[in-house]
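I would ask you to look at the sequence and the structure on the screen while I describe the arrangement of the chain.

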Amino acid sequence: MSAVKPVLSPLTRAALETEAHVATDGWGQPARLFSLARNGELLRRQPALAAMLGDVDPDEFSAIEQEGVIRGDDLEKALGHTAWPADVDGVALAVERIIVPPQAEIETFGRGGTNAQRLATHEQREDVRLLVAALRSGEIITLVRRRAEDDDDKVAIGTNIAPGLVEALKATLA
C-alpha cells in the first residue's frame with residue numbers, strides 16, 4: 001500500500017527543509033533569519049551556485065541564512081530595522097518560545113518575578129520552535145515543532161499560528 005503524500009507549495013517545502021535544518025542544531029538556539037530566493041532566479045544571478053545546488057527545481061525556493069542580523073534577545077528591534085532588496089522573494093524566521101495553557105497567566109498572577117519568569121517555570125509549560133515564512137506575494141506558512149515530540153514527522157503546519165511574527169516578517173518585505 002502506498003502512502004498518500006500531500007501536495008505542498010514551494011513555500012511549504014522550503015519552510016519544512018529550513019526547519020529541519022535548524023532542528024539539526026538542537027534546542028536552546030537564538031532566533032535565526034533566512035532570506036528566500038526562487039532557485040531559477042538565484043541561479044540566473046549567480047551561475048556559480050549551480051555546482052553547489054545541483055539539479056534544483058527552478059520554481060522552488062532556497063533559504064539563505066542571514067547570520068548576525070539578530071543579536072541578543074531583541075527580535076522586534078532587529079526585524080524593525082530589516083528590509084530586503086527586491087531580489088529576495090521571501091523570508092523565514094525560526095524562533096523558540098514557551099507556551100502555556102491560557103489559564104496559566106491567571107494561576108500565576110501576583111506571584112514573584114516577571115510574568116515571563118513565572119510562566120517559564122509553570123508545570124504545564126511547553127517548549128516549541130516556530131518557523132514562520134512569508135513571501136512578497138502574501139503567501140505565509142507557520143511550522144511548529146514541540147520539544148516533547150521532537151521529530152520531523154510531527155511538525156505541525158498552519159497559517160494563523162503566530163500572527164504577530166507573520167506581520168513583523170511581512171513588514172520587512174514591504
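This is a predicted model: local features need pLDDT of at least 70, side-chain atom pairs count only at pLDDT 80 or more; totals for chains, interfaces and linings use all residues.

Asparagine 39 belongs to helix H2, which spans residues 39-45. What does asparagine 39 touch, leaving aside its neighbours within four places in sequence? Its contacts are Val56, Asp57, Pro58, Glu60, Phe61 and Ser62.

Let me move to the sheet. Six strands make up an open sheet, and their order is E2-E1-E3-E4-E5-E6, with antiparallel pairing. At the edges stand strand E2, residues 61-65, and strand E6, residues 156-158; each has a single partner strand, so one side of each has no neighbour in the sheet. From one strand to the next, the twist averages 25°.

Helix H1, residues 10-23, packs on this sheet and touches strand E1 (32-38), E2, E3, E4, strand E5 (140-146) and E6. The direction of H1 makes about 30° with that of E5. A further helix, H7, covers residues 163-173 and lies across E1, E3, E4 and E5. The angle at which H7 runs to E4 is about 30°.

I now come to strand E4 and its partners. Strand E3, residues 90-99, pairs with strand E4, residues 126-135, in the antiparallel sense over ten bridges. Within this pairing, glycine 90 stands opposite leucine 135, and isoleucine 99 has glutamate 126 as its bridge partner. On to E5: this strand and E4 run antiparallel and are joined by seven bridges. Here alanine 133 of the pair stands opposite isoleucine 141 in E5. The hairpin of E4 and E5 has four residues between the strands, and in that hairpin glycine 138 takes a positive phi near 105°.

Is E4 enclosed or left open by the rest of the structure? Ten of its ten residues are buried, so E4 is largely enclosed. In a regular strand, side chains alternate between the two faces of the sheet. In E4, both faces are covered. One side carries Glu126, Val128, Leu130, Val132 and Ala134, the other Asp127, Arg129, Leu131, Ala133 and Leu135, and all of these are buried.

That concludes my presentation, and I thank you for your attention.

Technical notes:
Residues are numbered from 1 along each chain as its sequence is written. Side-chain values use heavy atoms; hydrogens and water are left out. Helices (H or I, at least four residues) and strands (E, at least two) are DSSP runs, numbered from the N terminus. Contact means heavy atoms within 4.5 Å. Two strands pair if DSSP finds at least two bridges between them. Axes are lines fitted to C-alpha atoms, for helices over the stretch in contact, and angles run from 0 to 180 degrees between N-to-C directions. Buried means under 20% relative accessible area, exposed over 50%, partly exposed in between (1.4 Å probe, protein chains only).
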